[in-house]
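Have the viewer open as you read.

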Amino acid sequence: MAATMPTHEGGALGVAGGCRKVSSYSLQPAAVKFGDTPNTHVQMNLRKRAVLQKNYTLELHFRTYYPDGLIFIVPGTPQKRMHYMMGALRNGRLQIVVKGRRKTEMTAQAVLNDGAWHHMILEKEDRKMTLSVDSIDPEKTKTPKKMNIGPIIYLGGIPEGATTLPESLVSKLPSFKGCMQGMKLNGHMEDLVGDKVKSHKVGQCFPQVERGSYFPGDAYAIYEKKFNVGNLLELELEFRTSEMNGILLSVSQPENYPSLSLELHNGKVVMQGDMGDRRPFVVEQALHSQFGLCDNRWHRIEASLTDNDQLTLRVDQQLGQ
């Protein structure tokens, strides 16, 4: 499940007395989205085998809301499986790891999982390596004297069971969830979406995103497999839609009680359930218009159940009945 969703900048079809439908979403040209499924990645075969063993400049733009994820990795040769070069987010900070006979690390100090585009520049001159991110003061280190890395670079993740990387490293590499674009190697723009690369289940990116989850109508998410409905409940969520009907949340035991559901039904927010005493309840709330909740704007739901069976449902601060 993605952690971002598109903003409705593509225009909306507003019909008097109807829902506000979005006509289209624009896409970010030449950008690639990772993380919708496991092991999403782009594999790039470098033109010259030794290009990353000499002096080079590697540039890349990335955007994510997740604190951890693999940006890129260059595995070692089959004869030197323990060698590699890697860039990854760890706790929101970009870390570069170079492993030859010894291991060298450096980490940019800024937290970068804020959903904005960030520009990474990695430069190597002789044994000096410099990492620059945006306008932050660069980090510098020395690389190992001998390093045998191969001609393949993976972006965003790695194929399952198909690399020369050591298993001890692979098991600790979370895939990147977000977008990348604008990769340059020694000033040459590298196409991330063309025929010269191999990609696995990558997607397209939207120019503007916001934190949240996007459900196109045939998707769902399981947030807690062992969630129990008890005597006390406090629930808050925000949603945005152009539809009059849809399930927002559902909790049910195998016996169908205790149970709780929150849905849109004919333009109203309806909450119903059974707390286990076989006394079902229903409470609903509508706005001033039947189409007030399908206007493609954010709406806030607040619900609470107290120990004296008092149920409260509010939609945009309006109290339900």
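## Ground rules

Strands here are DSSP runs of E at least two residues long, while helices are H or I runs of at least four, and both are numbered from the N terminus. This is a predicted model, where local features need pLDDT of at least 70 and side-chain atom pairs count only at pLDDT 80 or more, though totals for chains, interfaces and linings use all residues. Residues are numbered from 1 along each chain as its sequence is written, and side-chain values use heavy atoms, with hydrogens and water left out.

Let's start with an open sheet of seven strands, in the order 10-9-8-7-14-5-17 with antiparallel pairing; two strands pair if DSSP finds at least two bridges between them. Strand 10 (103-107) and strand 17 (197-200) are the edge strands, each pairing on one side only.

## Around strand 9

Strand 9 (residues 93-99) has antiparallel neighbours: seven bridges join it to strand 8 (residues 84-90), and five join it to strand 10.

The one from strand 9 to strand 10 runs through three residues. Strand 9 is mostly covered, with six of its seven residues buried (buried is under 20% relative accessible area, exposed is over 50%, and partly exposed is in between, using a 1.4 Å probe and protein chains only).

Most residues other than glycine have a negative phi. Asn 266 isn't a glycine, yet its phi is positive at about 55 degrees. Asn 266 sits in the loop between strand 21 and strand 22 (268-274), and counts as partly exposed because its relative accessibility is 41%.

Gln 317 is another non-glycine with a positive phi, about 75 degrees. Its loop lies between strand 25 (311-315) and strand 26 (318-319), and at 56% relative accessibility Gln 317 counts as exposed.
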